[in-house]
Amino acid sequence: MSGYVLAIDQGTTSSRAIVFDGNQKVVGSGQKEFTQIFPQSGWVEHDPEEIWESVLWSVKAALKKADVKASDISAIGITNQRETVVVWERESGKPIHNAIVWQDRRTASYCDKLKKQDLEKTFTKKTGLLLDPYFSGTKLSWMLSNVKGARARGAKGDLCFGTIDTFLIWRLTGGKSHVTDATNASRTLMYNIATNSWDDELLDILRVPKTMLPEVLDCAADFGVTEKSLFGAEIPILGVAGDQQAATIGQACFEPGMMKSTYGTGCFALLNTGADMVRSKNRLLTTIAYRLDGETTYALEGSIFIAGAAVQWLRDGLKVIKAAPDTGDLAAKADPTQNVYLVPAFTGLGAPHWDPEARAAIYGMTRNTGPAEFARAALEAVCYQTRDLLDAMHKDWKANGKETVLRVDGGMVASDWTMQRLSDILDAPVDRPTILETTALGAAWLAGQRAGVWPDRKGFAKSWARDTRFEPKMDEKTRTVKIKGWKDAVRRTLSAE
């Protein structure tokens, strides 16, 4: 077998496919954006058929650029936007509704209703999650209640539920595999992360028929084989992980205490806590980092809904930049005497606030505030939110005196200005790896080592290489003033205020 591995990285705004060679180097890639659908304020949907087509296009483009045939690929690894819900007909494979995206807030009132019934403790104890519209379970319940006949059809076994990984595997295997992995299952509000099984009590509360749910496998497992007609040869699918867990794996954060943060559409920080299922007292999530060979490794996670999406807003909404990479240069020109804060609660606030009703606001503007100050505020918002997560993590899990070093990845980390400001606000080193495609790399490693063509965990960890370490340069007084201003801005933005 060759060492070539194909990673499918199905994200929130685009689908990508990357071919890695036996040395874990990128040799070809393809990427295609797809439509963001906003039916109402706070609602976000995707067309599953458009996602499917974008994945097919990206895979074919990646194979062509890499100048390899499907028969040269040893295995496929899949990583995906988590919590996004698809329901389709078992017989035809046709979706019954648009996919409801992780950012969608339509189930906020349903979550409130469950909280008033004092059920959040039950969900948190079993799933490590909070009752928030972010997660898959209430989205699925909404779909079953609002698509005519869906709940009855689901109970009869006519419908399949899946997160995006499950939907793609179903399509890739011609309907032969209805499966997911432990990381994606752990984000549904329906999966007990202690027993590693779908939880009947939670399914009853959400009124979800168990017949709709996929089989849950390890992150490296036999998920099925692609149909020959798709790419010209059958390819085994051997690795699956939700995007943030895949990035954790791609960053080789295999030891307890190691932490990574991904800066894509949103920002997600994961702290490896090993075999310990740490119960957060600071409204972080307890989640599955990965499950390999039947052994579960847990993590604390902080989820920020808006990171790179704020830069997209600058580009597409305000039109103050032409391209995302321009933001750092523009921010560097901002007036240092102005303290402008953007609290990017466009779809509510995530950890540690969990306020789905909060909406974005800008504070501290003067008549001299312009595009440069807006750009700086958008980038700094990501840094402040990461600081909030890191503070909460340190309260929940003591680092045993070790210095926290953050490994970063995602589109935003290419900006030196942003990474330096992140280090300044955190007052901690920030490591940027040589390979920034860590999400895809993590999925590829799961598949490659399962296929026997890539190194094991220890060998892969040794291959991780740092490109740049950013050390804090900001003085303590400036940092303190800026963080105080941020906390005040958040306080003013929270819906309870």
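Okay, let's start inside the protein. Strand S18 (295–304), helix H13 (371–396) and helix H17 (476–493) each give at least two residues to the lining of the largest cavity. Keep in mind that this is a predicted model.

Around the largest one you'll find 15 lining residues, with Leu349, Gly350, Ala351, His353 and Gln385 lying nearest the centre. If you sort that lining by type, you get 9 nonpolar, 5 polar and 1 charged.

Now over to the largest pocket. An unreviewed UniProt entry lists Arg82, Glu83, Tyr134, Asp243 and Gln244 under "binding site". Go looking for those residues in the model, and Arg82, Glu83, Tyr134, Asp243 and Gln244 turn up in the lining of the largest pocket.

Let's pick two of them. Glutamate 83 sits in the loop between strand S5 (75–80) and strand S6 (86–89). Is glutamate 83 buried or exposed? It counts as buried, because its relative accessibility is 2% and the cut-off for buried is under 20%. Skipping neighbours within four places in sequence, glutamate 83 has contacts including Trp102, Tyr134, Lys139 and Arg187. Spot Tyr134 there: that's another residue on the UniProt "binding site" list.

The other pick is glutamine 244, in helix H10 (residues 243–250). Glutamine 244 is buried too, with a relative accessible area of 4%. Again leaving out neighbours within four places in sequence, glutamine 244 touches Arg82, Lys260, Thr262, Phe268 and Leu270.

Methods
Residues numbered from 1 in each chain as written. Predicted model: local features only at pLDDT ≥ 70, side-chain atom pairs only at ≥ 80, totals over all residues. Heavy atoms only, no water. 1 Å grid on protein atoms, 1.4 Å probe; cavity = no way out; pocket = protein on both sides within 12 Å on 5 of 7 lines; lining within 4 Å. Helix = DSSP H or I, 4+ residues; strand = E, 2+ residues; numbered from the N terminus. Nonpolar A, V, L, I, M, F, W, Y, C, P; charged D, E, K, R; others polar. UniProt positions renumbered as here; feature names shortened; annotations may be inferred. Buried < 20%, exposed > 50% of the residue type's maximum accessible area, 1.4 Å probe, protein only. Contact = heavy atoms within 4.5 Å.
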